[in-house]
Amino acid sequence: MRIIVQNAKCQGHARCASQAPHIFKLDDEGYILPGDIQVAEGEELPASRGARSCPERALELTR
Ligand code: SF4
């Protein structure tokens, strides 16, 4: 599983990181760092929870 990060949509709510801080890394101002996220095996559940929690739809799950 991979998560496509659309930084332009991120508004810094940090909801993704509150679900899974080890998967969703934020900068000092609370915006998600650029670059797609490769989800490790066994991390699919927190990764999908975090991605779905984004109110800006900045995190797109892909297989
Ligand atoms: S929840 Fe969405 S808007 Fe908030 S920091 Fe994460 S990616 Fe950005």
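A residue counts as near a molecule if one of its heavy atoms lies within 4 Å of it. Please also keep in mind that this is a predicted model.

With that cut-off, which residues are around the ligand? They are Cys10, Gln11, Gly12, His13, Ala14, Arg15, Cys16, Gly30, Cys54, Glu56 and Leu59. Sorted by class, this shell has five nonpolar, four polar and two charged residues.

Next, the cavity. How many cavities of 30 Å³ or more does a search of the whole structure find? The search finds one. The volume of the largest cavity is about 100 Å³. Its lining has 14 residues, and Cys10, His13, Ala14, Cys16 and Cys54 are the closest to its centre. By class, the lining splits into nine nonpolar, four polar and one charged.

Now some residues of the ligand shell. Gln11 and Ala14 are both in the list around the ligand. Gln11 sits in the loop between strand E1, residues 2-5, and helix H1, residues 15-19. Is Gln11 buried, partly exposed or exposed? Its relative accessible area is 45%, so Gln11 is partly exposed. From Gln11 to Tyr31 there are 20 residues in sequence, and the C-alpha to C-alpha distance is 6.7 Å.

Ala14 is in the loop between E1 and H1 as well. Its relative accessibility is 28%, so Ala14 counts as partly exposed. The backbone is worth a look here. Most residues other than glycine have a negative phi. Ala14 is not a glycine, yet its phi is positive, at about 65 degrees.

There is a further case of this kind. Arg57, also a residue other than glycine, has a positive phi near 55 degrees. Where is Arg57? Arg57 is placed in the loop between H2 and E3. With 67% relative accessibility, Arg57 counts as exposed, because the limit for that class is over 50%.

In that loop, between helix H2, residues 44-52, and strand E3, residues 59-62, we also find Ser53. Buried or exposed? Ser53 has 17% relative accessibility and therefore counts as buried, the cut-off being under 20%. What does the side chain of Ser53 reach? It reaches the backbone oxygen of Gly50, at 2.7 Å.

Two more residues, and then I am done. His22 lies in the loop between H1 and strand E2, residues 37-38. Its relative accessible area is 45%, so His22 is partly exposed. The side chains of His22 and Glu43 are joined by a polar contact of 2.8 Å. His22 and Ile37 are 15 residues apart along the chain, with 11 Å between their C-alpha atoms.

At a relative accessible area of 83%, Arg63 is exposed. Arg63 and Val5 are 58 residues apart in sequence, and their C-alpha atoms are 14 Å apart in space.

Terms used. Residues are numbered from 1 along each chain as its sequence is written. This is a predicted model: local features need pLDDT of at least 70, side-chain atom pairs count only at pLDDT 80 or more; totals for chains, interfaces and linings use all residues. Side-chain values use heavy atoms; hydrogens and water are left out. Ala, Val, Leu, Ile, Met, Phe, Trp, Tyr, Cys and Pro count as nonpolar, Asp, Glu, Lys and Arg as charged, and the others, Gly among them, as polar. On a 1 Å grid over the protein atoms alone, a cavity is a set of points where a 1.4 Å probe fits but cannot get out, and a pocket is an open set with protein on both sides within 12 Å along at least five of seven lines; lining residues have an atom within 4 Å of a point. Grid points are joined across faces, edges and corners, and a volume is the space filled by probe spheres set on the points. Helices (H or I, at least four residues) and strands (E, at least two) are DSSP runs, numbered from the N terminus. Buried means under 20% relative accessible area, exposed over 50%, partly exposed in between (1.4 Å probe, protein chains only). A polar contact is a pair of N or O atoms within 3.5 Å; within protein, one must be able to donate a hydrogen and the other to accept it, and residues adjacent in sequence count only if both atoms are side-chain atoms.
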